[in-house]
Amino acid sequence: MGTHCEKCDEYYYPPRTICPNCRRNAKMEDHKFDGVGTVVTFTTIYNATDDFKRQTPYNLAIIELLEGPRLTGQVICSPEEIEIGMRVKPVFRILWKEGERGIIYYGTKFVPVEGWV
Amino acid sequence: MRSVSIIGAGCTKFGERWDDSLRDLVVETGIMALEDANVSGDEIDGLYVGNMSGGRFVEQEHIGALISDCAGLSRLNVPSTRVEAACASGGIALRQSVLAVASGYSDVVIAAGVEKMTDVTGGVAADALAAAADREWECFFGATFPALYAMIARLHMHRYGTTREELAEVAVKNHHNGSMNPISQYQMEITVDKVLRSPLVADPLRVLDCSPITDGAAAVVLAPTELAHKYSDAPINILAAAQASDTLALHDRRDITTLDATVSAARKAFGMARLEPEDIDIAEVHDAFTIGEIVAIEDLGFMEKGEGGRAAGEGITAIGGKIPINTSGGLKACGHPVGATGIKQAYEMVLQLRGEAGKRQVEGAEVGLAHNVGGCGGTALVHIMSR
């Protein structure tokens with residue numbers, strides 16, 4: 001879920017309370033994104049923080065949603081497969097765990113859209 | 001507004017200082033700077049210290065009072081303020097000190113920076129540094145600091161044809177410079193081949209593309225230019241102190257291969273100093289990663305956008321080249337104690353502009369620029385100084 005400014009027609013994800021274009025004159029409404037997007041740039045992480053160590057190597061990308069906003073997320077595919085321009089869609093996954101017995105954090109990762117080329 | 005000069009400077013040896021605490025580093029650099037400036041404690045009327053994460057690295061906050069205390073200034077009750085902007089904390093401390101002197105509020109002010117990073121494991125350090133990025137919308141999904149710069153590098157290579165070898169050339173040049181700097185963490189030269197064979201951190205960036213974990217501190221002493229000659233035979237004049245911000249998250253930037261905060265701070269700084277990029281003889285730029293130097297020299301106006309990759313390999317940014325960059329060895333080879341880096345850059349400028357930089361001296365350097373970045377461009381500072 002993100003936001004849309006009715007005044008300037010800009011979409012925001014993550015949701016913003018204040019539109020940077022219109023500031024005080026903004027008229028913000030909630031907007032549910034389709035979630036399909038394109039890989040703008042990416043990396044494959046081999047050396048992660050302790051919370052993500054067990055997932056290495058994993059792909060991380062900046063993804064541009066169809067409506068325009070960009071976000072950062074993991075793309076589940078092999079390091080050889082990911083490329084700039086790849087079409088991806090969101091999936092609900094475990095993101096990381098606080099050790100063996102700690103809190104499990106869920107959220108969005110991305111997978112390639114089949115036959116995206 | 002008054003003109004401001006640097007009347008003294010000091011910097012510790014950078015590296016893994018196992019035997020020294022944050023306090024030891026501060027005292028060491030403070031003594032060097034004050035002796036260099038020839039000022040006594042009771043003349044000091046302000047102190048700013050850049051420190052990114054004392055809380056995470058040594059479980060100590062309230063660094064302002066701590067360093068005033070360690071410097072023996074507690075009985076004088078000198079106002080001491082800790083400032084934070086991730087890797088730009090030192091740059092901010094310098095600018096705040098300049099503002100304090102320029103405004104007339106203070107006369108002699110110390111701008112310091114310190115970070116003690118090697119008391120924690122690599123994983124804890126990586127997470128503390130990742131706090132410079134957007135914790136909720138980048139790190140939560142697995143972003144690390146090298147990963148963000150790797151994504152800048154990937155797009156720069158894709159869009160402008162910058163090559164993997166060109167990234168390596170930056171590290172090779174900066175290690176060469178660092179090998180001539182006695183305070184540098186790394187004293188050894190490296191080759192392109194060695195960079196390309198070092199382990200991957202975040203593809204395409206490898207270990208030898210990244211600045212290290214470093215302990216260190218630096219300090220400079222400022223005074224109004226009109227009083228500077230009372231203390232120093234060779235004061236360095238600060239012609240501009242500019243700062244700018246941008247979105248915290250990389251994905252929200254107007255252009256992922258440009259640091260708009262750098263562009264904005266540079267524009268303001270050149271305006272204040274009434275200079276152009278061509279007028280700069282020497283610069284220290286924020287090469288936390290090799291791609292950082294390439295993007296910086298473009299955003300500062302030394303190279304056209306997309307052309308930065310060839311600069312190191314062609315010798316444009318070497319000592320003796322058109323615009324020598326990171327003569328200290330940069331963050332890459334000299335080391336990157338995050339809170340101290342912005343002040344160390346000013347320290348290197350002071351040495352170069354005084355002609356005291358030894359084997360790495362740039363002949364005839366008169367105007368220098370220091371460029372310090374917080375995070376991957378959420379904050380940027382540009383200082384211009386001259387002898």
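1. Because A:Tyr13 lies in the loop between strand 2 (10-12) and strand 3 (28-31) of chain A, and A:Phe33 in the loop between strand 3 and strand 4 (37-45) of that chain, the pair ties together parts that are 20 residues apart in sequence. Strands here are DSSP runs (E, at least two residues), numbered from the N terminus. Both A:Tyr13 and A:Phe33 are buried, a word that means under 20% relative accessible area, whereas exposed means over 50% and partly exposed in between (1.4 Å probe, protein chains only).

2. As to the conventions, residues are numbered from 1 along each chain as its sequence is written, and chains are lettered from A and ligands numbered from 1 in the order in which they are written. In this predicted model local features need pLDDT of at least 70 and side-chain atom pairs count only at pLDDT 80 or more, while totals for chains, interfaces and linings use all residues, and side-chain values use heavy atoms, with hydrogens and water left out.

3. Ring pairs also build a cluster that takes in residues of chain A, including A:Tyr11, A:Tyr13, A:Phe33 and A:Trp96, together with B:Trp137, B:Phe140 and B:Phe141.

4. What do A:Phe92, A:Ile94, A:Ile104 and A:Tyr106 form on the surface? They make up a nonpolar patch with about 410 Å² of accessible area together, the areas coming from the Shrake-Rupley method with a 1.4 Å probe, for residues with only the protein chains shown as cover. Strand 7 and strand 8 of chain A each supply at least two residues of this patch. A:Ile94, whose place is in strand 7 of chain A, is partly exposed at 35% relative accessibility, while A:Phe92 is exposed at 62% and A:Tyr106 is partly exposed at 46%.

5. Over all chains, a search finds zero disulfides, a disulfide being a pair of cysteine sulfur atoms within 2.5 Å. The sulfur of A:Cys22 has its closest cysteine sulfur in A:Cys8, at 3.7 Å, which is too far for a bond, and A:Cys22 is buried at 15% relative accessible area. B:Cys376, likewise in no disulfide, has the sulfur of B:Cys87 as its nearest, 9.5 Å away, and B:Cys376 counts as buried at 3%.

6. In chain B, strand 2 (residues 44-50) is mostly covered, with six of its seven residues buried. Six bridges join strand 2 to strand 4 (residues 108-115) in parallel, two strands being paired if DSSP finds at least two bridges between them. Along this pairing B:Gly46 has B:Val109 as its bridge partner, and B:Gly50 has B:Gly113. Strand 2 of chain B also pairs with strand 3 (residues 80-83) in the parallel sense over four bridges, where B:Tyr48 is partnered by B:Thr81.

7. Is strand 4 of chain B enclosed or open? Eight of its eight residues are buried, so strand 4 is largely enclosed by the rest of the structure. B:Val108, B:Ile110, B:Ala112 and B:Val114 point one way, and B:Val109, B:Ala111, B:Gly113 and B:Glu115 the other. Strand 4 of chain B pairs with strand 7 (residues 216-224) of chain B in the antiparallel sense over seven bridges, and B:Glu115 stands opposite B:Gly216.

How values were computed: Phe/Tyr/Trp six-rings, centres within 6.5 Å; stacked < 30°, edge-to-face > 60°. Patch = residues over 30% accessible without salt bridge, like charges linked within 9 Å, V, L, I, M, F, W, Y side chains within 5 Å. Salt bridge = Lys/Arg side-chain N within 4 Å of Asp/Glu carboxyl O.
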